[in-house]
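Hi,

Here is the structure I promised to pass on. Have a look at it first, and my notes follow below.

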Amino acid sequence: MTPSNLTKASEFFLLGFSEEPALQPLIFGLFLSMYLVTVFGNLLIILIISSDSHLHTPMYFFLSNLSFIDIFFTSTTIPKMLQNIWKQSKAITYEGCITQMHFFILFAGLDDFLLTVMAYDRYVAICHPLHYKVIMNPQFCVILVLVSWAISVLDSLIQTFMVSRLSFCRDVFIPHYFCELKQLVQLASSDHLLNEMVMYFAAGLLGAGPFTGIFYSYFKIASSICGITSAQGKYKAFSTCMSHLSVVSLFYGTCLGVYLSSAATHSAHSSTIASVMYTVVTPMLNPFIYSLRNKDIKRALRAFFRKAALKRPMAVG
């Protein structure tokens with residue numbers, strides 16, 4: 001390929017899920033519905049936690065941060081896809097693609113780290129209950145969130161810088177509905193060996209590290225629960241981490257499913273469909289998992305809607 005055919009300011013085209021025009025309204029309606037449920041569901045969780053003083057604890061502080069991040073996580077990809085379907089266009093600018101990739105890596109990393117922090121919180125609560133308030137003090141909780149942000153920002157900046165060094169053909173067709181790092185690197189026209197090394201090293205370090213932390217936390221939690229003599233005590237201890245364990249299983253299960261399916265089928269289309277699970281479905285289900293399996297959240301929800309119902313006739317009058 002001649003140098004004249006390479007550029008740093010290419011135009012990218014997101015191929016999405018299907019080329020069939022008849023399916024576009026269905027895809028638009030489906031993803032718009034999921035996006036609205038995700039945004040309003042997570043906003044409701046944040047509102048409930050902030051308005052109820054009984055929920056001002058480390059666990060719910062981390063949960064409100066997770067809901068906040070999930071809103072932006074889905075907002076990095078879905079609105080652009082919906083805009084392209086509405087305009088019947090698949091184009092995204094070079095700058096827009098790099099920006100989307102940057103924020104996707106950032107919020108995906110934050111999701112991963114916050115789930116790890118929440119696992120550590122449950123570990124301290126169950127294994128060291130007498131020292132819980134001392135260990136998980138407000139300052140330490142804020143530090144854990146800030147460290148998660150710092151590591152995720154650093155990783156996304158490094159990956160963005162590495163991709164910005166690459167050259168692309170003038171028309172790049174991405175078999176995905178968003179600018180995914182791995183596919184961008186593979187579609188580059190210049191040498192991308194260093195990019196792949198950095199990408200896999202970061203994935204191994206920032207993926208295996210948090211997963212190991214979560215696994216260790218739940219191993220210690222399981223050992224501690226086994227040491228409880230009463231069945232009621234075991235159930236109470238186990239129930240405090242069921243919601244988080246469900247979210248962790250969903251997040252890591254779908255992420256693993258994406259890479260296993262793409263490795264087995266070698267199909268970009270299969271990987272695109274599978275990635276919907278952890279990029280859209282998981283953030284959408286998180287509020288339901290925490291609200292349906294958590295007595296404190298259900299109590300706060302009932303109190304919130306009761307207050308809203310009482311205020312409505314007064315507002316009308």
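Let me start with a cysteine: Cys179 is buried, with a relative accessible area of 1% (buried means under 20% relative accessible area, exposed over 50% and partly exposed in between, with a 1.4 Å probe and protein chains only). Before the rest, some housekeeping: this is a predicted model, where local features need pLDDT of at least 70, side-chain atom pairs count only at pLDDT 80 or more, and totals for chains, interfaces and linings use all residues. Residues are numbered from 1 along each chain as its sequence is written, and side-chain values use heavy atoms, with hydrogens and water left out.

Back to Cys179: a disulfide joins this residue to Cys97, with an S to S distance of 2.0 Å (the cut-off for a pair of cysteine sulfur atoms is within 2.5 Å). Cys97 sits in helix 4 and Cys179 in the loop between strand 5 and helix 7 (181–187), so the bond ties together parts that are 82 residues apart in sequence. Helices here are DSSP runs of H or I with at least four residues, strands are runs of E with at least two, and both are numbered from the N terminus. The S-S torsion is about -125 degrees, so this disulfide is left-handed. Cys97 is buried too, at a relative accessible area of 0%. The disulfide count comes to one. As for other cysteines, Cys141 is buried at 3%, while Cys127 is partly exposed at 22%.

Three strands form an open, mixed sheet in the order 3-2-5, where pairing takes at least two DSSP bridges between two strands. Strand 3 (91–93) and strand 5 (171–174) are the edges, each pairing on one side only. Strand 2 (residues 11–14) runs antiparallel to strand 3, and three bridges join them; Phe13 stands opposite Ala91 there. Helix 4 (residues 94–127) lies across strands 2, 3 and 5, at about 85 degrees to strand 3. Contact means heavy atoms within 4.5 Å; axes are lines fitted to C-alpha atoms, for helices over the stretch in contact, with angles from 0 to 180 degrees between N-to-C directions.

Helix 2 (residues 58–75) is mostly covered, with 14 of its 18 residues buried.

For the whole protein chain, there are 12 helices and five strands, and buried residues make up 46% of the 317 residues. Among contacts between residues at least 6 apart in sequence, 79% join residues at least 24 apart.

Cheers
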